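Student: Could you take one part of this protein and walk me through it closely? I'd like to see how it sits in the rest of the fold.

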Amino acid sequence: MKRVAILASGGGSNMVKLVESMTGDHPARPVLVMSNDASALALSRARDMGVETASVDHRPFKGDRPAFEAELVKPILQADADIICLAGFMRVLTSGFVDQFAGRMLNIHPSLLPKYKGLNTHARALEAGDSQAGCTVHLVTAALDDGPILGQAHVDIEPEDTPDTLAARVLAMEHQLYPTVLRKFASGDNSPVILP
């Protein structure tokens with residue numbers, strides 16, 4: 001049984017879907033939900049679901065990422081996590097952190113990578129006149145929103161879409177895609193998942 005740690009900075013809707021999926025014959029179980037914000041809704045939601053939580057505030061480190069990550073990694077190691085899932089974790093991680101979990105850390109990103117790495121993905125897709133948007137689950141590497149793609153879900157862009165309406169539809173697909181990819185990945189299958 002694989003042990004999964006989930007890192008989230010905000011409301012944790014993807015975290016909730018991942019935790020809910022890890023039951024029955026699923027090859028993994030959640031052992032930790034962690035945040036860089038002790039007041040993140042994700043933490044209280046995780047506690048309500050019976051999952052251990054931890055937080056490390058990035059602000060006292062004043063931009064010293066390696067020092068922040070040295071603290072961040074401790075609960076993950078204590079939880080003996082096999083897989084790390086980034087689920088709206090809004091801190092850029094250094095290669096020093098990422099390399100410790102090479103091939104074992106997943107991220108979900110709200111665009112069809114390699115398009116629109118970084119922020120404001122929905123606005124950028126609309127500005128470009130794209131016909132489709134979507135989300136991507138990928139293995140994390142030291143490069144931002146890079147790494148081998150494990151799954152993608154597509155959403156048609158409607159003429160009346162705004163960044164907010166598009167974001168809501170993409171998020172609904174994230175909630176389907178991430179648990180599907182995690183189940184396959186935890187069972188040792190890295191073949192890409194493509195949802196329409």
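Tutor: Let's take helix H1, starting with the fold around it. Keep in mind that this is a predicted model. The protein has six helices and eight strands, and from the N terminus on they run β-α-β-α-β-α-β-α-β-α-β-β-α-β. With a radius of gyration of 16 Å, close to the 16 Å that the globule rule gives for 196 residues, the protein is as compact as a globular protein of that length. Its C-alpha atoms fill a box of roughly 50 × 45 × 30 Å along the principal axes. As for contacts with a separation of 6 or more, 62% are between residues 24 or more positions apart.

Now for H1 itself, which covers residues 13-21. Across the protein, 46% of the 196 residues count as buried, that is, under 20% relative accessible area. In H1, the buried ones are Asn 14, Met 15, Val 16, Leu 18, Val 19 and Ser 21. An α-helix has 3.6 residues a turn, so residues three or four places apart point the same way. Keep that spacing in mind as you look at the buried positions in the viewer.

What covers them? Strands E1 (2-7), E2 (28-35), E4 (83-86) and E5 (105-109) are among the elements over the buried residues of H1. Helices H2 (41-48) and H6 (163-186) are also part of that cover.

Technical notes. Residues numbered from 1 in each chain as written. Predicted model: local features only at pLDDT ≥ 70, side-chain atom pairs only at ≥ 80, totals over all residues. Heavy atoms only, no water. Helix = DSSP H or I, 4+ residues; strand = E, 2+ residues; numbered from the N terminus. Rg over C-alpha atoms; globule rule 2.2 N^0.38 Å. Buried < 20%, exposed > 50% of the residue type's maximum accessible area, 1.4 Å probe, protein only. Contact = heavy atoms within 4.5 Å.
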